[in-house]
Amino acid sequence: MAVAGAVLRQNLPGNMDLCGKTGKGVPEFHVLAVDDSIVDRKVIEKLLRSLSCKVTVVDSGSRALQFLGLDGENSSVGFDALKVNLIMTDYSMPGMTGYELLKKIKGSSAFREIPVVIMSSERILARINRCLEEGAEEFLSKPVKFSDVERLTRYLLRGEADEVSEFGKRKLPKNCDLEVSSPSSPSSPSSPSPSSSSSSDDSSSSSCSYSRSSSPLPKRCKSV
Amino acid sequence: MDAVHLKRQLITFTEQLFREGFLDEQFNQLQQLQDENNPNFVVEVVSLFFQDTERLLDELSKALDQANLDFKKVDGHVHQLKGSSSSIGAQRVQRTCIIFRNYCNEKNVQACLKCLQVVKREFALLKSKMETLFNLEQQILAAGGPPSI
């Protein structure tokens with residue numbers, strides 16, 4: 001997506017890259033990615049690097065906590081960890097799940113403000129609800145695509161997360177399009193392209209994300 | 001054979017892989033991520049997938065060979081394989097895993113054993129096709145052609 005990247009760069013002020021790098025020494029967007037799958041780690045790392053983000057990838061929730069200094073072993077936090085702008089974590093991991101990691105992060109005064117995004121190949125409504133209620137910024141369906149990550153970093157970087165908090169945390173409505181399985185129109189110009197409709201939980205072709213709220217419109221559910 | 005002919009071969013071959021369901025749109029995503037900074041990205045990810053799958057198939061064979069079959073363990077491995085195959089666009093492998101997981105849920109030993117055979121076969125097929133694809137790309141580069149499709 002070098003072309004897309006080039007187009008986006010042209011629309012940003014000055015020489016600012018998508019992840020906030022400018023010639024004036026503004027720090028880069030630092031993402032901590034957590035996934036037990038070696039293949040998924042490689043892909044998410046490349047996705048983020050292609051958006052010029054600084055990336056730290058770890059293979060477990062406990063390593064993520066170690067990196068952040070939340071593991072209780074060492075009270076001193078690494079300088080690197082203080083600058084994490086976003087945490088993206090897989091849901092299903094051995095040991096500590098992404099949900100458990102999310103709870104630990106939201107339970108920490110130092111890190112609770114960092115947006116956490118959950119990734120999962122299984123779109124179980126109760127699971128999604130639980131994560132959003134616990135404070136996850138968004139729930140992304142795997143396989144994660146460039147457009148998902150690009151959209152994420154763009155609205156987080158622009159501080160739209162602050163606008164989001166006006167609406168507060170909310171549960172996914174029970175009459176969410178997800179259950180009806182009909183395509184919904186994109187809620188904003190920057191949302192990902194509508195994906196093909198499928199009633200299977202294990203569909204590989206559809207791209208789906210759920211968030212607490214990232215637009216003024218009440219519904220943010222994408223087609224299944 | 002010159003680069004132009006090789007390139008045509010590569011395009012036809014790749015289209016066939018998509019048509020036959022070996023690969024899906026997610027593979028396109030990987031190709032789009034490849035750039036001059038990471039000219040071997042696709043080969044690297046796919047190689048990782050091959051290694052990881054071999055490990056998982058090994059674990060699955062062992063787990064299904066146990067007297068007291070732990071279906072949860074089997075399902076765990078299949079779930080991992082389903083995830084990684086979906087991440088690289090290996091559609092047929094992924095779909096086999098979905099069926100496999102259903103049989104794990106039903107605790108159907110025979111069906112699980114059969115699924116393991118199918119998944120092994122699909123993986124071997126995919127591996128051979130990907131090796132052909134990467135070979136063609138190498139030949140194009142050697143013939144002085146541009147690397148990307």
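Author: This is a predicted model. In chain A, strand β5 (residues 138-141) and β6(A) pair in the antiparallel sense, over three bridges.
Reader: Which residue stands opposite A:L140 there?
Author: A:S209 in β6(A).
Reader: What packs on the sheet and touches β5 and β6 of chain A?
Author: Helix α7 (residues 146-157) of chain A does, and β3 and β4 of chain A are also touched by helix α7. The direction of α7 makes about 165° with that of β5(A).
Reader: And which strands does helix α5 of chain A lie across?
Author: Helix α5 (residues 98-106) lies across β1 (30-34), β3 (86-90) and β4 (116-120) of chain A. It runs at about 175° to β4(A).
Reader: What order do the strands come in?
Author: The order in chain A is β2-β1-β3-β4-β5-β6, six strands in an open sheet with mixed pairing. β2 (54-58) and β6 (209-211) of chain A each have a single partner strand, so one side of each has no neighbour in the sheet.
Reader: How much is the twist from one strand to the next?
Author: It averages 15°.
Reader: New topic. What does UniProt say about B:H79?
Author: The unreviewed UniProt entry annotates B:H79 as "modified residue: Phosphohistidine". B:H79 lies in helix α4 (residues 71-88) of chain B.
Reader: Is B:H79 buried or exposed?
Author: Buried: its relative accessible area is 15%, and buried means under 20%.
Reader: What is B:H79 in contact with?
Author: Leaving aside neighbours within four places in sequence, B:H79 is in contact with A:S92, A:S121, A:E122 and B:R101.

Terms used: Residues numbered from 1 in each chain as written. Chains lettered and ligands numbered in written order. Predicted model: local features only at pLDDT ≥ 70, side-chain atom pairs only at ≥ 80, totals over all residues. Heavy atoms only, no water. UniProt positions renumbered as here; feature names shortened; annotations may be inferred. Helix = DSSP H or I, 4+ residues; strand = E, 2+ residues; numbered from the N terminus. Buried < 20%, exposed > 50% of the residue type's maximum accessible area, 1.4 Å probe, protein only. Contact = heavy atoms within 4.5 Å. Pairing = 2+ DSSP bridges. Axes fitted to C-alpha atoms, helices over the stretch in contact; angles between N-to-C directions.
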